[in-house]
Amino acid sequence: MTSEAPFVRVTTADAVTTLTLDSPHNRNALSTRLMAELHAGLALAAADPEVRAVVLGHTGKVFCAGADLSEATGADPTVGPRGLVELQRAIVDCAKPVIAVIDGHVRAGGLGLVGAADLALAGPAATFAFTEVRLGLAPAVISLPLRPKLEPRAASRYYLTGEVFDAAEAARIGLITRATGSSEDTGVALKDLLDALRQGSPQGLAESKRLANADVVRSFERDADELVELSARLFGSAEAQEGMRAFLEKRPARWVVR
């Protein structure tokens, strides 16, 4: 009897733990299982004194499709958003720098993982979109790490329109650290960052990360409960139920004006 393949593959080499999202059946969506495995991988990296950094990557053409809509109708509507808050906070609180490496599509809740990461590199295949508005939702809990980092006018535009934008624009507005021209360039950029981080002391890295994330931590402490409640209310609304059904049925929602 073979064990079930993991949704998050964990490897450690050369003082770096790599967490690879590998749930192709749902485009690396934030299912309960994927989030639990990602939590576990982060905990392993945090507990290993030899690890200096964590890389968050993915297989396939999608980094993360956002919430797993098949799990969005549970009895307690706060479970999903609360779980995403806790996962984002685990990335922020991890004493090791976390680098997101993206070469595919990122949508909705997946942007929260990118925002929670300390550094983010994106290649030419990367695209980004806050698609919540088109489902009758809003980018509620993912705003906790993102609002302190995003250029305000850009946040207004992309929150409201749901437009797709590329890695160069993501770098311009503060969503990612650097856009690269090819997968080879991404590899070189990642190597340069990791080589630099390997020169840092564990204490120096942890305390420097804490300083850099001060505004993000304040955002969580001030707004997490309110945004969980907002997200739960929206997911339970008639508009959102219609939006999610329309998405799953691959048809326009009823409110779309043509």
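Tutor: Start with a cut-off: buried means under 20% relative accessible area. Keep in mind that this is a predicted model.

Student: Why is Cys94 called buried?

Tutor: Cys94 has 6% relative accessibility. The limit is under 20%, so Cys94 counts as buried.

Student: What makes Cys64 count as buried?

Tutor: Its relative accessibility is 0%. That is under 20%, so Cys64 is buried.

Student: Where does Cys64 stand in the strand pairing?

Tutor: Cys64 is opposite Val106 in β6. Strands β4 and β6 run parallel and are joined by two bridges. Pairing takes at least two bridges, so β4 and β6 count as paired.

Student: Which sheet holds them?

Tutor: An open one of four strands, in the order β4-β6-β8-β9. Its pairing is mixed.

Student: What makes β4 and β9 the edge strands?

Tutor: Each pairs on one side only. β4 covers 62-64 and β9 covers 165-166.

Student: Why is Arg107 said to have no salt bridge?

Tutor: The cut-off is 4 Å, from a side-chain nitrogen of Lys or Arg to a carboxyl oxygen of Asp or Glu. For Arg107, the nearest side chain of opposite charge is Glu132, 9.5 Å away. That is not within 4 Å, so there is no salt bridge.

Student: Where does Arg107 lie, and what is it in contact with?

Tutor: Arg107 lies in strand β6, residues 105-107. Beyond its neighbours within four places in sequence, its contacts include Cys64, Thr127, Phe128 and Val164.

Student: How do you know that β5 and β7 pair?

Tutor: Four bridges link β5 (residues 98-102) and β7 (residues 119-122), in the parallel sense. At least two are needed, so they pair. Val101 stands opposite Leu121 in β7.

Student: What joins β7 to β10?

Tutor: Two bridges, with the strands running parallel. Ala122 is opposite Ala179 in β10.

Student: Which residues have the most contacts inside the largest nonpolar core?

Tutor: Among them are Ile102, Phe128 and Leu175, in a core of 56 residues. Ile102 touches residues including Phe63, Leu121, Phe128 and Ile176, leaving out those up to four places away in sequence.

Terms used
Residues are numbered from 1 along each chain as its sequence is written. This is a predicted model: local features need pLDDT of at least 70, side-chain atom pairs count only at pLDDT 80 or more; totals for chains, interfaces and linings use all residues. Side-chain values use heavy atoms; hydrogens and water are left out. Buried means under 20% relative accessible area, exposed over 50%, partly exposed in between (1.4 Å probe, protein chains only). Lys and Arg count as positive and Asp and Glu as negative; His and the chain ends are not counted. Contact means heavy atoms within 4.5 Å. A nonpolar core is a set of buried Ala, Val, Leu, Ile, Met, Phe, Trp, Tyr and Cys residues joined through side-chain atoms within 4.5 Å.
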